[in-house]
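Subject: Structure handover

Hi,

As promised, here is the structure we talked about.

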Amino acid sequence: MKPCIRLKKISKRFGSVLANDDVNLTVYSGEIHSIVGGNGAGKTTLMNILYGLVKPDSGEIFINGEKTDIRSSKNAISKDIGMIHQDFLFIENMDAVDNIILGKEPLKMGIVDKKKAKKKIKNLSEKYHLSFDVDKNISELSMGERQRIEIVKVLYRNAKILILDEPTAVLTPQEVKELFNILRALKKGGSTIIFISHKLKEVLEISDRISIMRSGRMVKTLSAKDAELKDLAVKMIGGELPEIEEKHYQGDEKVLVSVDNLSLKSKDGKKILKDISFEIKSGEIFGIAGIEGNGQKELEECLTGNLIYDSGSITVECAILWDISSKYFKDNGVSRIPSNRNELGLISGFKLYENLILGYINDKPFSNFCLLNYNEINKECKKIVKDYDIEPPDIYQLTENLSGGNQQKVVIGREFSKEPLFLIAAHPTRGVDIKGSWFIHKKLRENREKGSAVLLISSDLEELFTLCDRIGVIYNGEIVDIVKPENITFDEIGVLMLSGLTSFR
Ligand SMILES: Nc1ncnc2c1ncn2[C@@H]1O[C@H](COP(=O)(O)OP(=O)(O)O)[C@@H](O)[C@H]1O
Ligand SMILES: [Mg+2]
């Protein structure tokens, strides 16, 4: 195979961080080449350089053997490179077709020829199994559909080299399978794919070759058939993670949280939550398993005082939480790691210390009679940064410059350090690398040991099985079964999640 991309000695510094340090990468045409690495390893920076979004400090780029100066994404597109970003950049109130053709509208006598555009899009989506509803607004589509539209968008611009930056981070397991079928079809059609991820199992499944990055450097490139999971993890982390001794719930019988017959209807009368009931004891992690979209999000919102439910009750340590407001819930000991940290957990344009006290600014010791106590704020924020290993440890930097995993640690540090009675963690390790996930799991266990009641909502079965004492399976707004992980297999719980049927057990 011949190389279609060759990056030579690429370096890029952001302030004190050397994001790319003399990086070499060769991608052969027609291969699926994965780049793996922990949060902050420099993967996105390298791809942004190839796509013309970031200018390298030094280094050279060769495309099909020719030395090339890529100064903008327009430049990159003209070299047949397309990039599907980590966060999709859509105009939400336009439909899929308008978003795809934006800036490249076919004209017929000066007017946009939408019919022609639709035909080309239909051909592309049929050829590569990229199904989505053409006429719906983007805001009405699932993450999987949005991603398929992004892929069509770059194919529409005739991209032959496709860069996908952590495409599976926002997808359900089913959607990941569909994406892999699409990638295989694209490869068969002659495309070259650069696939970025830190999920090693999927990388082993889809790649021809794998490149490993760590702390800005390229560690190694190897063929996927020679690669082994454990060895990849060690190279990616730069060592092995200590095993954690599992201390499951020891039987403190005190019920801390009781959810009784919680029900919620949508505006058009559809039942979203149906008589949800469960208890969580002090020192227990209770999981919610389910395919996304079965009511988990609404349950999370109800349990944090953000959504008014129709009937039922939520009790935390004997107090019925009657006032639906997130402040009141917080004051009664409810903490939350939200499923979408960018919407609900952080303000990315804020400095780190501002996010570390977000929502707690009026509480003691941060504020006293409306005056902010900067000494205390400083002290607490520095403590959280140290305890939660937030990198880089500067509390005055902008939060948006942190890697995803470190942003998640900001939310977790803030919420966990309040020693909550009831801790709701929704997809706490989504988009977080192996080392970060290990750390978050450790902190969740510590909270259990301190006696919190923990609710873990996750679509990652492995995470639920390692952490939870009991798991409730949610299907179509209903808890169809509550199981202990030691009494059920992955496959059995998978059937429950997909069908809601308990009869097979
Ligand atoms: N625009 C930026 N300004 C400052 N620092 C940045 C910027 N972009 C990335 N970084 C830093 O560079 C390092 C590498 O980041 P990134 O390439 O996003 O890593 P990855 O994609 O592997 O998670 C991180 O420490 C990150 O905080
Ligand atoms: Mg990245």
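Asn476 sits in the loop that connects strand E23 (470-475) with strand E24 (478-483). The model is predicted: local features need pLDDT of at least 70, side-chain atom pairs count only at pLDDT 80 or more, and totals for chains, interfaces and linings use all residues. Residues are numbered from 1 along each chain as its sequence is written, chains are lettered from A and ligands numbered from 1 in the order in which they are written, and side-chain values use heavy atoms, with hydrogens and water left out. Helices (H or I, at least four residues) and strands (E, at least two) are DSSP runs, numbered from the N terminus.

Although Asn476 is not a glycine, its phi is positive, at about 55 degrees. Asn476 counts as partly exposed because its relative accessibility is 42%; buried means under 20% relative accessible area, exposed over 50%, and partly exposed in between (1.4 Å probe, protein chains only). Glu317 is another non-glycine residue with a positive phi, near 45 degrees. You will find Glu317 in the loop between strand E16 (311-316) and E17, partly exposed with a relative accessible area of 36%. While you are looking at the backbone, check the peptide bond from Glu391 to Pro392, which is cis with omega near -15 degrees. Pro392 belongs to the loop between helix H13 (374-387) and helix H14 (404-416).

Next, the strands. Strands E14, E13, E16 and E17, in that order, make up an open sheet of 4 strands with antiparallel pairing. Strand E14 (271-281) and strand E17 (319-320) are at the edges with a single partner strand each, so one side of each has no neighbour in the sheet. Two strands count as paired if DSSP finds at least two bridges between them. Strand E13 (residues 255-265) and E14 run antiparallel and are joined by 7 bridges, with Val255 standing opposite Lys281 in E14.

Elsewhere, E18 pairs with strand E21 (residues 422-426) in the parallel sense, over 4 bridges. Val334 has Phe422 as its bridge partner in E21. From strand E18 (residues 334-337), Val334 and Arg336 point one way, Ser335 and Ile337 point the other way, and all are buried.

Now the salt bridges. Side chains of opposite charge can pair when their charged atoms come close. The rule used here asks for a side-chain nitrogen of Lys or Arg within 4 Å of a carboxyl oxygen of Asp or Glu, and by it the count comes to 28 salt bridges.

- Asp22 and Lys9 meet through their side chains at 4.0 Å, N to O. Asp22 is in strand E2 (residues 17-28) and Lys9 in strand E1 (residues 3-14), 13 residues apart. Asp22 is partly exposed, with a relative accessible area of 41%.
- Asp21 pairs with Arg217, and their closest N and O atoms are 3.0 Å apart. Asp21 belongs to strand E2 and Arg217 to strand E12 (residues 217-223), so this pair ties together parts that are 196 residues apart in sequence. Arg217 is partly exposed, at a relative accessible area of 48%.
- Glu284 and Arg470 meet at 2.7 Å, N to O. Glu284 is in strand E15 (residues 284-289) and Arg470 in strand E23, so parts that are 186 residues apart in sequence are tied together. Glu284 counts as buried because its relative accessibility is 3%.

There is also a network: Lys297, Glu300, Glu301 and Arg336 are joined into one by salt bridges that share partners.

Last, the surface. Patches are made of residues with over 30% relative accessible area and no salt bridge; like charges are joined within 9 Å, and nonpolar side chains (Val, Leu, Ile, Met, Phe, Trp, Tyr) within 5 Å. Ile361, Leu372 and Tyr374 make a nonpolar patch of about 260 Å². Leu372 is in strand E20 (residues 371-372) and is partly exposed, with a relative accessible area of 36%. Which residues gather in a patch of positive charge? They are Lys104, Lys108, Lys115, Lys116 and Lys120. Helix H4 (residues 114-127) gives this patch its largest share, 3 residues. Lys108 is in strand E7 (residues 107-108) and counts as exposed because its relative accessibility is 53%.

Happy browsing!

Key. Areas by Shrake-Rupley, 256 points an atom, 1.4 Å probe, with all protein chains shown as cover. Lys, Arg positive; Asp, Glu negative; His and termini not counted. Charge placed at Lys NZ, Arg CZ, Asp CG, Glu CD.
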